[in-house]
Amino acid sequence: MLEGAADNASILSIDLGLLIGLLVCARLLTPARALDRMIFGATAGSLLVVYVYWRWHDTLPRLEMSAQSLWPHFFFMLEFIAIVYTLMSIVILFRSIDRSGQADRAAREMRIRGVYPAVDVFICTYDEPLEVIERSILTALELDYPNFTVWVLDDTRRNWLRDYCGEAGARYITRSDNKAAKAGNLNNALAVTSGSSNAPIILVLDADFAPRRNLLKRTVGLLANPGVAIVQTPQFYYNGDPIQHNLLATQSMVDDQRFFFDVFQPAKDAWGCAFCVGTSFVVRRDRLVEIGGFPSEAISEDINLTYTMLAHGYQTWWLNENLSRGLSAEGIPEYITQRSRWCLGTIQVALLRNGPLFGRGYSAIQRLHYIHGILNWLCKPFLVLLLIAPMIYWFVGLPAFEADYLAFLRYGAPAILGQTIYMAWISRSRTLPLFMEATHAIVSFAVTATLISALVKPFGRPFKITDKGGDRSAPKLRWKLALTFGLIAFGSAASIAWAFLSPYAASEISSPDYFNVLWAGFSMLIAFIAFVACFELPRGDKFFSINEAGALALGANDAVPCRVAALSTSAVEFTWTRGIHPPTGGAQRWLYLERLGWIAITVAGIKGRTAIANLHLTFEQRRRLVTWLFGLSQHDVAETVSITGAIAGLVRRGFQGG
């Protein structure tokens with residue numbers, strides 16, 4: 001007994017020392033230096049390699065045709081895929097590049113020479129409501145660039161949109177069918193514009209993305225390099241994704257794409273393997289003509305475009321600047337549909353005869369980077385097994401691997417600590433343990449189903465768009481998904497209870513049982529976070545904080561100063577000074593803002609000295625308002641994590657109903 005206590009103390013001391021050492025490394029090293037990335041990455045990677053060696057040699061039974069043998073080997077196979085993906089990620093992150101300096105020089109060169117290549121702005125739209133697409137149209141028309149034409153590519157043939165484009169000053173293109181989905185829409189526009197504007201540069205925007213005024217001046221100059229076909233910028237969002245929103249963590253939890261856009265793509269760019277992400281990118285028309293237009297063989301036309309360009313010797317450069325903002329998926333079903341489509345598209349491009357796995361013209365590094373992208377999706381089935389393995393152990397009697405908690409503390413805990421601290425460090429606080437796993441868990445079942453179906457029929461399925469906009473004012477329960485994660489959370493909790501309360505439980509819990517109890521606890525927490533996220537909160541009008549001085553007309557010749565705190569495209573929140581008789585609910589008034597002039601408003605509600613009012617805008621006022629709000633640089637979506645804020649939001653949602 002004393003010997004066991006000594007072992008426990010010794011292992012815990014080692015783990016504690018390792019934790020302190022990793023935290024010191026995170027404090028002393030900086031992700032901006034390549035040598036530091038290599039040192040920290042190699043440290044975290046070596047801990048993971050030691051763990052894999054232990055798993056292979058000490059935790060697997062002899063391979064036999066039995067459930068007791070096949071289950072742990074199957075689990076290890078999927079776990080190994082996830083580990084290979086992680087190790088490849090660490091190596092990729094050894095490098096990184098920031099092209100802002102090159103963009104500065106290219107912009108300065110254009111300004112000095114006074115030569116600004118013409119640009120055709122393609123706005124791709126399919127059935128989005130006006131409230132969504134107007135953001136892209138109106139902000140695109142206000143781009144700070146001397147020579148461009150805005151084209152709206154309508155793949156749903158809407159007469160009202162054609163009329164709106166005429167009034168706003170954009171040009172309108174449609175076609176008779178939807179062949180080849182988005183790629184077909186873009187190729188149709190490529191052909192139509194070649195007979196008119198025929199600009200040498202094309203900017204592609206999705207219908208919900210609002211470009212910043214300086215987007216073209218920051219990107220177009222980089223295409224002067226003959227080896228560069230595409231300059232891609234990251235996607236930022238002005239709303240929280242459904243997981244952030246439903247967990248009340250929009251300001252404390254980073255969306256799952258931030259790490260990819262802000263950390264991974266600059267690293268891939270340094271290796272010459274950054275890729276197009278479908279919107280907010282500029283591309284040279286001559287290079288498109290050379291490769292035969294936007295590739296349409298796979299539903300992920302963006303990554304297919306990059307790899308087709310790579311096969312022809314042309315690169316995609318990543319300019320990691322906030323130059324546009326779009327609408328993130330607003331509901332859980334749309335969120336899952338989007339990720340499943342990305343997964344299927346990645347698999348389809350991999351299977352193409354001229355793709356990065358089987359085609360000619362690719363370097364070994366480029367092929368390995370694509371394999372890394374495939375492994376990202378192949379990791380999702382392992383997450384499913386990770387959640388259900390403790391229940392299988394307790395209720396079926398099959399361990400995922402044979403280990404006790406002391407052995408796991410010796411080999412597994414260091415690997416977990418290394419990865420957790422390294423990822424927080426390299427991402428500059430963009431990862432949040434448990435919450436990040438819950439985010440991936442929400443899509444893991446659908447992605448697993450997509451992978452299985454892709455084995456049978458990888459091609460021939462229709463393109464599924466991500467629905468955006470519309471009325472989301474009512475709460476919704478995604479009951480199928482909630483039932484799945486509710487059962488996992490309940491089953492994990494029941495596993496823990498069974499370990500202690502079962503009539504068959506031993507008088508003293510064994511070391512392997514302790515290990516699986518701890519595992520069940522982590523599974524329960526991840527599943528509970530995912531379960532709570534399935535209860536969708538309503539979304540109201542999106543308000544932007546502005547803090548502008550204004551005036552409120554109380555009568556025909558009576559106006560008083562007020563302060564406008566927040567604005568949306570349809571409502572305003574403002575306050576007034578003490579001693580002024582407030583307007584009543586339902587009252588019609590006029591509000592003055594310097595950028596918009598006098599606006600007709602209807603007071604909707606009053607609380608203290610704060611009022612909410614609906615806006616009644618002219619077309620010109622709405623144009624100025626949309627370009628103002630969606631061109632703002634600040635936003636209230638988190639860019640780094642706050643663990644206390646995320647936990648507080650989870651507690652409010654989980655135990656107080658939000």
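**Exercise 1. Work out how β4 sits among its neighbouring strands, starting with how many bridges join β4 to β8.**

Four bridges link β4 with strand β8 (residues 281-284), and the two run antiparallel. Strands here are DSSP E runs of at least two residues, numbered from the N terminus, and two of them pair if DSSP finds at least two bridges between them. Before going on, note that this is a predicted model, where local features need pLDDT of at least 70, side-chain atom pairs count only at pLDDT 80 or more, and totals for chains, interfaces and linings use all residues. Residues are numbered from 1 along each chain as its sequence is written, and side-chain values use heavy atoms, with hydrogens and water left out.

Next, pick out a residue pair: valine 204 stands opposite phenylalanine 281 in β8.

Now turn to β1, which pairs with β4 in the parallel sense over six bridges. There, isoleucine 123 has leucine 205 of β4 as its bridge partner.

**Exercise 2. Find which elements the buried residues of α5 pack against.**

Start with the helix, a DSSP run of H or I with at least four residues. α5 covers residues 130-141, and nine of its 12 residues are buried. Among them are Val132, Ile133, Ile137 and Leu138.

Then list the contacts (heavy atoms within 4.5 Å). The buried residues of α5 pack against β1 (119-125), β2 (148-154), α6 (159-168), β4 (201-206), β5 (210-211) and α20 (619-629).

Key. The expected span of a helix is 1.5 Å times one less than its number of residues. Buried means under 20% relative accessible area, exposed over 50%, partly exposed in between (1.4 Å probe, protein chains only).
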